[in-house]
Amino acid sequence: IILTSVMLDSPNLPVEIDNPVAKDLFVYPNPFRDNLTIKNSDKFEKISITDISGRLIIETENQSQTNSLNLSSLEPGIYFLILEKDGVRAVKEIVKM
């Protein structure tokens, strides 16, 4: 999966329009069960996950080029992965099975 853009329709959620900074970002597997891998995330400083209503679930500082997030505590559903640096956001819809 190559993250390029996602348009969201809620005022509580970030809106992303074609982000060239995120062109080499890979998020997999999606849908996922327990672990989600984010590859080439070194361009970003912060990683966040929100639920579909925009409520912040997880927020962490980026640790490396490839991050593996243990999300086993999340309930099955749709979430948004948000990566940020200097006000630039890349947003990806992710699904927990």
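Student: How should I read the pLDDT of the chain, and what does the chain average?

Tutor: In this predicted model, pLDDT is the predictor's confidence in each residue, from 0 to 100; the chain averages a pLDDT of 81, and 77% of the residues score at least 70. Local features need pLDDT of at least 70 and side-chain atom pairs count only at pLDDT 80 or more, while totals for chains, interfaces and linings use all residues. Residues are numbered from 1 along each chain as its sequence is written, and side-chain values use heavy atoms, with hydrogens and water left out.

Student: Over which residues does pLDDT stay under 50?

Tutor: Where pLDDT is low, the predicted coordinates should not be read in detail. Here pLDDT stays under 50 over residues 1-17, for which the model has 46 contacts (heavy atoms within 4.5 Å) beyond four places in sequence.

Student: How many helices and strands are there in the chain?

Tutor: Helices (H or I, at least four residues) and strands (E, at least two) are DSSP runs, numbered from the N terminus; this chain has zero helices and seven strands.

Student: Which strands form the open sheet, and in what order?

Tutor: Two strands pair if DSSP finds at least two bridges between them, and in this structure three strands form an open sheet in the order β1-β2-β5, with antiparallel pairing. Because β1 (26-28) and β5 (66-70) stand at the edges, each with a single partner strand, one side of each is left without a neighbour in the sheet. Strand β2 (residues 35-39) is joined to β5 by five bridges, and the bridge partner of Thr 37 in β5 is Ser 68.

Student: What does the largest nonpolar core contain?

Tutor: A nonpolar core is a set of buried Ala, Val, Leu, Ile, Met, Phe, Trp, Tyr and Cys residues joined through side-chain atoms within 4.5 Å, where buried means under 20% relative accessible area (1.4 Å probe, protein chains only). The largest one has 16 residues, and those with the most contacts inside it include Leu 36, Ile 38 and Leu 81. The elements that give two or more residues to this core are β2, β3, β6 (77-85) and β7 (88-96), and β6 supplies the largest share, three residues.

Student: Which residues does Leu 81 touch?

Tutor: Not counting residues up to four places away in sequence, Leu 81 touches several residues, among them Val 27, Leu 36, Ile 49 and Ile 94.

Conventions. Buried < 20%, exposed > 50% of the residue type's maximum accessible area, 1.4 Å probe, protein only.
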